[in-house]
Amino acid sequence: MSSLLGSGFLLASIAIMLAAALHDIAVRTVPNWMAAALALLGLVLQSINGHPIAGLVAGLIVFVVAAFCWRRGWMGGGDVKLLAAVAIIVPPGHVGQFLVAVTLAGA
């Protein structure tokens, strides 16, 4: 049951990420509610998998590093929000791979 529930939350996360990407392409902004919804879904997913604290810590670390990059003008604010929120969704042991994949894909 929990894997079916987790799959539903993961699909909802993918749908929101796609909507955020399309919104960013069209309007050059990412609504705050999308990042907040992704972070909430990530917390639920990590709670189902038994790692809610690790997910939060990963998201916080990614947020701090990305915010530094934003302050330097290297990335946009929407990117910071989405990276941190999605870092909560990704299993904590795979956050590094996720960041490398995002970097190679051109963010």
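User: What should I know about the numbering and the cut-offs of the model?
Analyst: Residues are numbered from 1 along each chain as its sequence is written, and side-chain values use heavy atoms, with hydrogens and water left out. Since it's predicted, local features need pLDDT of at least 70 and side-chain atom pairs pLDDT 80 or more, while totals for chains, interfaces and linings use all residues.

User: What makes Leu-83, Val-86 and Ala-87 in α4 meet residues in α5?
Analyst: Contact means heavy atoms within 4.5 Å, and by that rule they meet Val-95, Phe-98, Leu-99 and Val-102 in α5.

User: How do the axes of α2 and α3 cross?
Analyst: Axes are lines fitted to C-alpha atoms, for helices over the stretch in contact, with angles from 0 to 180 degrees between N-to-C directions. On that scale helix α2 (residues 32-49) and α3 cross at roughly 140 degrees, their axes coming within 7 Å. Leu-43, Gln-46 and Ser-47 of α2 and Pro-52, Gly-55 and Leu-56 of α3 make the contact. By class, that's three nonpolar, three polar and no charged residues.

How values were computed
Helix = DSSP H or I, 4+ residues; strand = E, 2+ residues; numbered from the N terminus. Nonpolar A, V, L, I, M, F, W, Y, C, P; charged D, E, K, R; others polar.
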